[in-house]
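Colleague: Could you take me slowly through this structure, one question at a time?
Modeller: Gladly; here it is.

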Amino acid sequence: DGVLYVDEAPIHGAVDAVNTLKGNGVPCRFLTNTSTLRRGSIQKKLASMGFEITEQEIFSAPQAALSYLQQKPNASCKLYLAEDLKADFSAIKQTQGLPTHIVIGDIGPVWDYELLNTILNDLLQGAELLAIHKNKFWQTEQGLRMDIGGFIAALEYASNKPARIMGKPSRDFFDLAAHDLGVPKSAVAVIGDDVDSDVLGAQHAGLHGILCKTGKYREEYFLNSHVRPDYVIDSIRYLPYLLNRLERTKLY
């Protein structure tokens, strides 16, 4: 969201860019912190816009959280997730009592002081906080909207316990996708509209970071950031041209 599309509309040239890359044999994976939709629902949404992307090519932050919990045989959880996503966690034990893990994703207007205090008290009694992501904001047709990162930061501050971040910019998340591509890390680039989660996260994981000026990108925020992308493009539509230039000049 913000790189290939915004809300229900594909970004101009994005479908052609993805088709060009895949048609040229460039292996692609599609990483998302979206925590309102299951991976299959994301694939169907992309297909409705004209993207030929398989479910197996999509790496979602909720998928990473589920994999983590499946490695914890005694885990009991409280899930603060969108309804579409909860079905993926149906095999994970849930409890109304004290959980071992609290999983937080996008839950929109549900947030209030009572909920924050409920989660805080579980954390103070030993539960581990799994944050699907820690994004500051996201792009909609109406402009930027606050994301769950502020709530995660508040819970970390109050409980004095860091959350385990499952999606971008987690190095483990980027490593998973890079490994699945089956190429050296030096040959992998992450293209995103978030200079912190996408670009800096990729660089910390040993990958290239390419910033595109769509979605949540804001010029002033970028110029005030200490992050220096490997490359900056106006939109994903220009990615095939950038890769062609790098191939010709051997700049990578």
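Colleague: In which sense do strand β5 (residues 77-80) and β6 pair?
Modeller: This is a predicted model, in which local features need pLDDT of at least 70 and side-chain atom pairs count only at pLDDT 80 or more, while totals for chains, interfaces and linings use all residues. Residues are numbered from 1 along each chain as its sequence is written, and side-chain values use heavy atoms, with hydrogens and water left out. Strands (E, at least two residues) and helices (H or I, at least four) are DSSP runs, numbered from the N terminus, and two strands pair if DSSP finds at least two bridges between them. Between β5 and β6 there are four bridges, and the sense of the pairing is parallel.

Colleague: Are the residues H101, V103, I102 and I104 of β6 buried or exposed?
Modeller: Buried means under 20% relative accessible area, exposed means over 50%, and partly exposed lies in between (1.4 Å probe, protein chains only). H101 and V103 point one way from β6, whereas I102 and I104 point the other way, and all are buried.

Colleague: Where does P99 lie, and how large is its relative accessible area?
Modeller: P99 sits in the loop between α4 (83-86) and β6 (101-104). Contact means heavy atoms within 4.5 Å, and, not counting residues up to four places away in sequence, P99 touches S76, C77, K78, D122 and A127. P99 counts as buried because its relative accessible area is 3%.

Colleague: Why does T32 count as buried?
Modeller: T32 lies in strand β3. Leaving aside neighbours within four places in sequence, T32 is in contact with I42, I58, F59, S60, A61, K168 and F173. T32 counts as buried because its relative accessibility is 11%.

Colleague: In which order do the three strands of the open sheet lie, and what angle does the direction of helix α8 make with that of β12?
Modeller: The three strands form an open sheet with parallel pairing, in the order β11-β12-β13. Its edge strands are β11 (189-192) and β13 (231-233), each of which pairs on one side only. Axes are lines fitted to C-alpha atoms, for helices over the stretch in contact, and angles run from 0 to 180 degrees between N-to-C directions; neighbouring strands of this sheet are turned by 25° against each other on average, direction ignored. Helix α8 (residues 195-204) packs on the sheet, touching β11 and β12, and its direction makes with that of β12 an angle of about 160°.
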